[in-house]
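Dear colleague,

I am passing on a structure that I would like you to read through alongside the notes in this email. Please open it first, and keep it in view while you read.

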Amino acid sequence: MNSKSLYQEVILDHNKKPRNYGTLDKASHHAVGHNPLCGDHLDIELNLEGERIDNIAFHGESCAICKASASMMTTAVKGKARSDAETLIKEFREMATGTLNLNEDHHLGRLTVFAGVRDLPTRVKCAILPWHTLHAALNSVTTTSTEAEDDPMHAAIGDA
Amino acid sequence: MKLIDSALKPEFTSMFDVEHIRADFPILKLQVEGKPLVYLDNAASSQMPQQVIDRLVRYQTSEHANINRGVHYLSETATAEYEGSRRKLQHFINAREDREVIFTSGTTDSINLVMHGYGRKYIRAGDEIILTTLEHHSNIVPWQMLAEEKGAKIRVVPISDAGELLVDEYKKLFNARTKFVSVMHVSNALGTVNPVKEMIAFAHSRGVPVLVDGAQGAPHMAVDVQDLDCDFYAFSGHKLCGPTGIGVLYGKAELLERMQPFKGGGDMILSVTFEKTTYNSIPHKFEAGTPPIAAAIGLGAAVDYLSAIGLDTISAYELKLLNYATEQISNLPGVRIIGTAARKTAVISFVMEGVHPHDIGTLLNHEGVAVRTGHHCVQPVMLRLKVPATTRASFAFYNTMAEVDTFISGIRTVQKVFT
C-alpha cells in the first residue's frame, strides 16, 4: 500500500461529486464532528423513522478522504436500520485502524476502498470522522471530536 | 586580489557547495516510497549532520557522567564540555557573558521560564502584555495563562494581508499599563521576518522589556542579541541541526538576576534547610535537576557546524532557494502563496483551489517530498488570512534547486489527480 493508491477513482469521484451533500428539511438527529488536529469539521443530519434511517445528509469543510468517506457512508446507511448502521460504524473503524480481517465476513462492501488508510496513521482520523459523527448523532450527542477522550470511537493512532 | 574576487560570479564568491554540505547529512540519502527524500519540513525540525551525531556518540562513549557533582574524571569532563557548549552558544548569539545563556528544553520551555520567572513576579492586575497575530501558540498560551492568573490583559498587533506586522498599530498599543512585549523574530507559518530591532527600540523608549521568540530566526540568520538589544531571546536546538530536548533562553544578566526561579530542585540551590533555601546564581538558578547534558553538548557542535559555513552564507543561499521556489510556484495556475512579506525566510505556505492541504501532503509524500500541512500551531494567523489550513514547504541550506523542481512537479501531479 502506498499513499497514492488511496486516491482511487471511486474516492476522487465521491470527493468531486459528494452524494447526500447538504441539509435536511426534516431531521430527528444531528451532530457536528471536529478534527482539531487539522480544523476539519462535518455536520451530519439524519431522520429516523422508527429504527430506520429514512434520510441523511452531510456538509462541512474537509479533505478528500473525509469527504469521500462521508459521501459513501451516507449512501451505505440510508434506508438501513440503526443497528445495521452501528455495525458498519464498528467495522469501518476496525478496518481503518487495521484490526478488521477483511478476509472474514463483514458488511463493508465498496467501503473497503478505504482499507489503505490503516497504513497512513495521520490520515486514519480523516476517514473515521464521518463515522464518528454519525455514531454521535445516532446517540443524540450533538458535538464530537476525534480527540475526545471519553468517546467510544476514539481511535488511538498507531495501533494499526 | 579583491578586484578579481568581486568580478567573479556570486556562485563562486559565495563558496557554497551544496552537494558537499549534503554529504554531511546521512538522512538525506534516504528513499521514501521508492523516491529520494526531499525534506522540506525544516521549520518543524531540521536534520542533523554527521559531525553532531559523532559528537553525541563521543560524549556518550567517553565523557558521560553527571555534571557539577563528582570530583572524578568523567564528571569533570562532562561539566567542562557542558559549560564549553554554553560559551559556544554565547558566541553564536553574541551575548555579553556566558551566564546569560540558560539551557532549557526548547523554545516553549524558554518562554514558559520567562512567563513564570519574570511575568509571575512583575505582572499585576490591569497590566498589559503585547503579542502579535503571527505568534506561535507557544508564545500565546503561556501569556494567556499569566493574564488569567493575574487579571492582566493581552493586546495583539494586527497584520496586513501579506502577513506583515503593522508596526504603526503596534506603537499605538502602548500605554502606561504596558508591561511586556513578546514577539516572534520570524513567522513559522509564513516566513515573515519581523522588524524586531525597531520594535524593541520603541518598547525600550517606553521602559518595556521584550522577549523575542527566535525559534525560526536563529537557524536562518546571524543573530546578535546585543545589536537587537532584546531582553530575552528564545530558540530550540532541533531546528538548528542539533538534538531535540535542548534549547536556549538568552536573558540580560540584570533581568535574570531579578527573576524568580521557574523549577525547583538540585543544582539551582546553594544551600537547603527546611527553614530556608538559598538559590544559586545565574544561569544555574534556572537549571534545576540534571540537564540534558548530551543534547547541550550536541547543540554546541551544531552551532560550530553552522558557524563554520557562516550564517550569512546560509541566509544568502536560502534566499536564492526562496526566490526560485516562489517564482516556480507563482507560475502554477490555481495555487496561491499565503504570506508575501517583503522580507521572508525560505518558507512558502500555499493553498490550492479545490484541494485540501492534507491531500496535498499525502500525495507529495508519495513523491518523496516532506511538507507540513495544517494550521502550523498558528490558528489566529489562519483565521486572519481566512484559510482553514495551508501546505508549507520550508527550506534549509542543504536543499537544492533540483529539489525545488521535484516539489513543483509534485504539485503538478497533485493537480492532475484532482482534475
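Predicted model: local features only at pLDDT ≥ 70, side-chain atom pairs only at ≥ 80, totals over all residues.

Residues are numbered from 1 along each chain as its sequence is written, chains are lettered from A and ligands numbered from 1 in the order in which they are written, and side-chain values use heavy atoms, with hydrogens and water left out.

**Chain A**

The secondary structure of chain A consists of four helices and four strands, where helices (H or I, at least four residues) and strands (E, at least two) are DSSP runs numbered from the N terminus. Along the sequence these elements follow the pattern α-β-β-β-α-α-α-β. Of the 160 residues in chain A, 53% are buried; here buried means under 20% relative accessible area, exposed means over 50%, and partly exposed lies in between (1.4 Å probe, protein chains only). If we take the contacts in chain A (heavy atoms within 4.5 Å) between residues at least 6 apart in sequence, 59% of them join residues at least 24 apart.

Within α1(A), the residues Val10(A), Ile11(A), Leu12(A), His14(A) and Asn15(A) are buried, and the buried residues of this helix pack against α2 of chain A together with α16 (401-417) of chain B.

**Where the two chains meet**

How many residues of each chain are in contact across the interface? On the side of chain A there are 19, and they are in contact with 17 residues of chain B. The area buried between the two chains is about 1400 Å², with carbon and sulfur atoms giving 58% of it; buried area is the accessible area (1.4 Å probe) that two parts lose on being put together, summed over both.

The rule finds one salt bridge across this interface, a salt bridge being a side-chain nitrogen of Lys or Arg within 4 Å of a carboxyl oxygen of Asp or Glu. The side chains that meet in it are those of Arg123(A) and Asp359(B), at 2.9 Å from N to O. On the side of chain A that touches chain B, α1 (9-16) and α2 (64-77) of chain A each supply at least two residues, and the largest share, three residues, comes from α1(A).

His358(B) lies in helix α14 (residues 357-366) of chain B, and this histidine counts as buried because its relative accessible area is 13%. Leaving aside residues up to four places away in sequence, His358(B) touches Tyr7(A), Cys38(A), Cys63(A), Arg123(A), Cys126(A) and Thr373(B).

**Salt bridges in the whole structure**

A search over all chains finds 33 salt bridges. In one of them, Asp41(B) pairs with Arg392(B), the closest N and O atoms being 3.4 Å apart. This pair links distant parts of the chain, with Asp41(B) in the loop between β3 (38-39) and α4 (50-62) of chain B and Arg392(B) in strand β17 of chain B, 351 residues apart. Both Asp41(B) and Arg392(B) are buried.

Asp13(A) and Lys17(A) also form a salt bridge, with their closest N and O atoms 3.3 Å apart; Asp13(A) counts as partly exposed at 26% relative accessibility, whereas Lys17(A) counts as exposed at 53%. In chain B, Arg55(B), Arg58(B), Glu63(B) and Glu81(B) are linked in a network of salt bridges.

**Backbone details and cysteines**

Most residues other than glycine have a negative phi, and most peptide bonds are trans. The peptide bond from Ile282(B) to Pro283(B) is cis, with omega near 5 degrees, and Pro283(B) is found in the loop between β12 (277-279) and α12 (293-309) of chain B. Lys386(B) has a positive phi, near 55 degrees, and this lysine is exposed, with a relative accessible area of 73%.

Finally, how many disulfides does the structure hold over all chains? The number is zero, a disulfide being a pair of cysteine sulfur atoms within 2.5 Å. Among the cysteines of chain B, Cys230(B) counts as buried at 0% relative accessibility, and Cys241(B) counts as buried at 3%.

With best wishes
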